[in-house]
Amino acid sequence: MNGRTAKSKAKQREVRDENENLARLYEQVTFEEVHRQVLHLLPTEPVRVLDIGAGTGRDAAAMSLLGHSVIAVEPAEELRSVGQRAHTGHNIDWVDDALPELRSLGRQNERFQLVMLTAVWMFLNEDQRHNALIRIDELLEDGGRLGMVLRAGPVPAGRVMYTVSAAETVSLVSSRGLRLIHQSQQADALGRDGVVWNNLFFEKP
Ligand SMILES: C[S@@+](CC[C@H](N)C(=O)[O-])C[C@H]1O[C@@H](n2cnc3c(N)ncnc32)[C@H](O)[C@@H]1O
């Protein structure tokens, strides 16, 4: 093995280890804990749900148990495969794709009644957020809802995250004609110092 191959293998191992740690973290809290302030806003009849940046599928699995048909979009292969193994048997279609384009969705006028973006928005820069929202709007059924959970607080060492405020997001999403129907804040369920979460729910007229 030459030096470059050894280095690239070490890097791959590092990424794999980091994703395994993240996977453990995402599954340490439950869907009900994360979304407790907005549970009453979820559809009561079975609908088509799009969970973008689904991580290990904690939320996708819970929503499929509620009877919904869920597409879980997750660009990180390691997280997707953990999710597929952990939640096998659930009615979840896993898709390898990413915002802002989400090219693989929306064929044959496929639309969703609920789109969830939980702890994802801070990974997109301003341009990407703008373009992502246009795409999400295209994929959202009239009368459908968009649920967002935004992280606020210090960025963990070694990770890239953008600061995204609730006010800026409300303004961006409202500019596409979606109506804000809920806004709240909650402490970090994992107790991380200085981290709080903003819950936003919007409805498409
Ligand atoms: C903090 S995790 C949250 C995972 C899950 N939603 C949860 O709450 O457990 C953020 C997720 O967003 C995904 N992600 C990052 N950039 C993305 C993008 N551009 N499009 C879609 N997903 C993205 C990451 O791979 C990761 O799984």
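**Notebook: helix pair, sheet, loop, ligand shell**

I began with two helices. The axes of helix H1 (residues 3-26) and helix H4 (residues 77-86) come within 9 Å and cross at roughly 45°. I am working on a predicted model.

I classed the angle next. I then checked the hand: H1 passes H4 in a right-handed crossing.

Which residues make the contact? On the H1 side I listed Arg16, Asn19, Glu20, Leu22 and Ala23. On the H4 side I listed Glu78, Leu79 and Val82. I sorted the residues of this contact of H1 with H4 by class: four are nonpolar, one is polar and three are charged.

**Sheet**

I moved on to the strands. Seven of them form an open sheet, and I read the order as E3-E2-E1-E4-E5-E7-E6. The pairing is mixed. Which strands sit at the edges? They are strand E3 (92-95) and strand E6 (179-187), and each pairs on one side only.

Strand E2 (residues 69-73) and E3 run parallel, joined by four bridges. I picked Ala72 and looked for its bridge partner in E3; the partner is Trp94.

Then I asked what helix H5 (residues 126-139) touches as it packs on the sheet. I found strand E1 (48-52), strand E4 (112-118) and strand E5 (140-152). The direction of H5 makes about 145° with that of E5.

**Loop between E3 and E4**

I checked the backbone here. Leu99 and Pro100 are joined by a cis peptide bond, with omega about 10°. Pro100 lies in the loop between E3 and E4. I noted Leu102 as well: its phi is positive, about 45°, although Leu102 is not a glycine. Leu102 is also placed in the loop between E3 and E4.

**Ligand**

I finished with the surroundings of the ligand. How many residues surround the ligand? I recorded 18, and the closest are Tyr26, Gly53, Gly55, Ala98 and Leu99. Two of these names tie back to earlier entries. Tyr26 is among the closest residues, and H1 covers residues 3-26. Leu99 is also among the closest, and Leu99 is joined to Pro100 by the cis bond.

Key. Residues numbered from 1 in each chain as written. Predicted model: local features only at pLDDT ≥ 70, side-chain atom pairs only at ≥ 80, totals over all residues. Near = placed C-beta within 6 Å. Axes fitted to C-alpha atoms, helices over the stretch in contact; angles between N-to-C directions. Left-handed = near helix turned anticlockwise from the far one by under 90°. Contact = placed C-beta atoms within 7 Å. Nonpolar A, V, L, I, M, F, W, Y, C, P; charged D, E, K, R; others polar. Pairing = 2+ DSSP bridges.
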